[in-house]
Amino acid sequence: MSAMPTIHLDRLRDGALHPIGEKVRRGERLSAVDAITLFRTPDLLGVGHLADAVNRAKHGDVVTFASNQHINPTNVCVLRKTCVFCGYARLPKEEGAYRYSIEQVLAEAAQASDSMTREFHIVGGLDMQAGLGYYTTMFRALKAAHPLVHIKALTAVEIAHIGRIEKMSWTDVLIALREAGLDTMPGGGAETFSAAVRDVIADRKLGGADYIGVHRAAHALGIRSNCTMLYGHVETIEDRVEHLTMLRDLQDETGGFLAYIPLAYHPDDNALGVTLGRQGTSTTGFDDLRNLAVGRLYLDNFQHIKSHWIMVSTALTQIALAFGVNDIEGTVVREKIYHAVGAQTQQGMSLQELLRLIRGAGKEPAERDSFYRVIRTFEAAPAAVVGAAA
Ligand code: SF4
């Protein structure tokens, strides 16, 4: 499905949105200046109307999710002291540090045998003891035990880390991981690409150009990936637009991104939150919705915009379905990384909870595979269930 969006200019209260609305109506690409206007206008409902119109033209009322399971095999990370926004990582001998054996990974993954899990989402720290062999052994074992489960694993930052410790190119690391069972890559580790921002929040982490470079290498091999942006810390509006422009440019070049997922910064239990005096104050719902909606409008070459309910809550995710979002985080089972920095959400969701959330927004739930192809739709729920809160 892809029709022209139906835009009602009279629903845009801020006149500055009118020329943007005309462009959206004509299917014209938005400029960086337009994106800055979308981030600055107080007319959130106007931005939402535009994003919703574009989303409806692409996807109608269908909202997808995956039956996935997160596995975080190690929280040991060499950047523990320098990624100041992170509350998950530990030094090797620090209290709470862990690295799963392959048997422990298999034990955690065993839930997939009697659940509906179709995708393992595997990310962790930059652990000097977790090199290429650790992951190739893990992926082979997972595929042997769960041959039908897709492996979406290792951020660009982790791929580059393995390359560094094994003295291999990104491409060679990716080829070896693919041979062992890696199917696609997640989009984490992007943070905000701006060098000035990285100097403050993650000065030793893989830079923005290299994050793009690893994804370019993956796409060249036919490995599809997601991408993200961490917002709500020290970045400016211009930093956000620069970041989105880099993602849009790579998508023009390769077409390899499956989805864009804005990630809200959580200030608890990390050094940056203390420095900023922000503990206990997460991003606002207004900014969460705006980031999703601007992603839908500016990233015109992306099919899928996803809301991560773990970071922004299930209630806000339900509202986001009217702000350009067509996909939501799935069942997850046991999330650890954002719960380490104060996320108050559940660690997983049942199928019934996901269906109730989507139907409660007047949308049609559909389960998808890891390539965003619909694999199952659901009978309409009885009226009493449709009206229930998520
Ligand atoms: S954000 Fe990632 S790379 Fe940085 S300290 Fe945390 S786990 Fe390590």
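Helix H1, residues 18-26, has three buried residues: Ile20, Gly21 and Val24. A residue is called buried if 20 or more other C-beta atoms lie within 10 Å of its own, exposed if 12 or fewer, and partly exposed in between, with C-beta atoms placed from the backbone. An α-helix has 3.6 residues a turn, so residues three or four places apart point the same way.

On the other side of H1, you will find Pro19, Glu22 and Arg26 exposed. The buried residues of H1 pack against helix H2 (32-40), helix H3 (44-59) and helix H12 (285-298). Just past the end of H1, Gly27 has a positive phi of about 75 degrees. Helices (H or I, at least four residues) and strands (E, at least two) are DSSP runs, numbered from the N terminus.

## About the model

This is a predicted model, in which local features need pLDDT of at least 70 and side-chain atom pairs count only at pLDDT 80 or more, while totals for chains, interfaces and linings use all residues. Residues are numbered from 1 along each chain as its sequence is written.

The average pLDDT of the chain is 92, and 92% of the residues score at least 70; pLDDT is the predictor's confidence in each residue, from 0 to 100. Over residues 384-390, pLDDT stays under 50, and the model has 14 contacts for them beyond four places in sequence. Two residues are in contact if their C-beta atoms, placed from the backbone, lie within 7 Å. Where pLDDT is low, the predicted coordinates should not be read in detail.

## Helix H2

Now to H2, whose buried residues are Asp34, Ala35, Leu38 and Phe39. They share one side of H2, because their arc around the axis is only 140 degrees. Val33 and Arg40 are exposed on the face of H2 turned away from its buried side. The buried residues of H2 are covered by elements including H1, H3, helix H10 (237-254) and H12.

## Two domains

The chain divides into domain 1 (9-57) and domain 2 (61-386), with bounds from an automatic or database domain assignment. Their centres, taken over C-alpha atoms, are 27 Å apart. Domain 1 brings 17 residues to the contact and domain 2 brings 19 residues.

On the side of domain 1 that touches domain 2, H2 and H3 each supply at least two residues, and H3 gives the most, with 8 residues. This side of domain 1 has 12 nonpolar, 2 polar and 3 charged residues. Here Ala, Val, Leu, Ile, Met, Phe, Trp, Tyr, Cys and Pro count as nonpolar, Asp, Glu, Lys and Arg as charged, and the others, Gly among them, as polar.

## Around the ligand

Among the residues surrounding the ligand are Cys77, Cys83, Cys86, Arg80 and Lys205; a residue is near a molecule if its C-beta atom, placed from the backbone, lies within 6 Å of it. The shell around the ligand holds 8 nonpolar, 1 polar and 2 charged residues.

## Residues to look up

Leu154 has a positive phi, near 70 degrees, without being a glycine. Leu154 sits in the loop between strand E4 (150-153) and helix H6 (156-166), and counts as buried because it has 26 C-beta neighbours inside 10 Å.

Notes:
Arc of directions from axis to C-beta.
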